[in-house]
Amino acid sequence: MTDAVVTRFAPSPTGFLHIGGARTALFNWLYARHAGGRMLLRIEDTDRERSTEAAIAAILDGLSWLGLDWDGEAVHQFRRASRHREVAESLLASGDAYLCYATPQELEEMREKARAEGRPPRYDGRWRERPASQAPAGVAPVVRLKAPQEGETVLDDKVQGRVSFANKDLDDFILLRSDGTPTFMLAVVVDDHDMGVTQIIRGDDHLTNAARQMQIYEALGWTAPGMAHIPLIHGADGAKLSKRHGALGVDAYRAMGYLPEALRNYLVRLGWSHGDKEFFSTQEMIDAFDLGHVGRSPARFDFVKLESMNGHYIRASRDADLVAALEATTPYLPPGGGDPIAFDDETRTKLRAAMPGLKERAKTLVELLDGAAYLFAKRPLVLDAKALALLDAVGRAHIASLLPRFASLETWSAKGAEAAVRDYVEETKVKLGQVAQPLRAALTGRATSPGIFDVLEVLGREESLARLQDQAH
């Protein structure tokens, strides 16, 4: 492999890093890492009204959280405006671009005429061959590309295959606005060329842009990078992805308690396949990724599948790693009903001890934290409705009978607690569940929890006996 491969991720900082952008970044990152190349990051902040520092920070944070590192410093497109103007002026000098003095009123008339004739609006080329000496007074010109009017522009796309565009349908588009600022179309070409990008991977909503950009490359005599336009993500119902489907920022998935490695694994399988394999380590992704197995049909986002995959990752994670993930994620989680957990050595020790039981039931870190709430609950516990129902007179009587047996245990352990309960069950001829469920309610305030004997061990002798005492009467 060679390090000549250079990809780029080029988000516009007008909002958060959305899930489609995250997948595009992942595909660029994997393609570059697979080839031993580089992935560059370019912030396309030419829209000065909508670009914000907060959005830039959110994008960088989202990429870092997902584990997608970029090579070198992030490039800010806006800061390169003088270079973009320089290239536009070189096209003017070579005759491949021209000054257009069409007024806003004239442009509106062109649009109206096109609408009336039932065709897409396009500039009619009226200043293509006119000398600047005919320019009307007081009109600042734009610079337009003198695009080919016959034949076709052909794109050999690594995902879409051969895509052709009739040049008669692509008008002389603007390179520099009347105030001298470059358009997105020009800036992208200049930046990709100057940054040495060899492979562009982006959404297929850029296909028409690609045709126009190919014409700029042609006019400049530059070699265009390879291109791969990946289908957009749709909702599970096949409709274009919206917020109700999951078109949220990466920060929202973090707040919902997804692990970055699970989200990364889920995203790589959205539109790319490698046989029937579902789960990939990061290295396996890098080793296997190619553009030849990216499908042409839109991928469907499925929260149920993501949640299932996240649950798999939680169960497969080391207990200490999950405690660290909880600690790192807690500041991003939505505020819950209880007091926020203060992570100190005692808290971490408790969580590590409880984690084997907790992680079997949880599909997200939010559920994991919710399941761990009993560890930090203050006495007397607030019981939910189901727990209250379990602690009827019979349930409380069982607890009262078990208290002295627990108190007399020489060593406090799940095994010892289980033996005490099983002895009691055998003597009284009641079912284990009739005793275990009131115990669970008294110790956790809920009707569901990790294994009740593990709960007793993790809470410890003093706290367990105190909670049971609270509910024995």
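Student: How many residues does helix 12 have, and how far does it reach from its first C-alpha to its last?
Tutor: Helix 12 (residues 345-359) has 15 residues and reaches 20 Å, close to the 21 Å expected at 1.5 Å a residue. Helices here are DSSP runs (H or I, at least four residues) numbered from the N terminus. This is a predicted model, where local features need pLDDT of at least 70 and side-chain atom pairs count only at pLDDT 80 or more, while totals for chains, interfaces and linings use all residues. Residues are numbered from 1 along each chain as its sequence is written, and side-chain values use heavy atoms, leaving out hydrogens and water.
Student: Where is the kink in helix 12?
Tutor: At A353, shortly before the proline P356, with a bend of about 45° (the angle between axes fitted to the seven residues ending there and the seven starting there).
Student: Which residues of helix 12 are buried?
Tutor: T347, L351, A354, M355, G357, L358 and K359, where buried means under 20% relative accessible area with a 1.4 Å probe, protein chains only.
Student: New topic: at what angle do helix 17 and helix 18 cross?
Tutor: Roughly 135°, and their axes come within 9 Å. The axes are lines fitted to C-alpha atoms over the stretch in contact, with angles from 0 to 180 degrees between N-to-C directions.
Student: And which residues meet there?
Tutor: V421, R422, Y424 and V425 in helix 17 meet L432, V435 and L439 in helix 18, with contact meaning heavy atoms within 4.5 Å.

Notes
Helix = DSSP H or I, 4+ residues; strand = E, 2+ residues; numbered from the N terminus. Expected span 1.5 Å × (residues − 1). Buried < 20%, exposed > 50% of the residue type's maximum accessible area, 1.4 Å probe, protein only.
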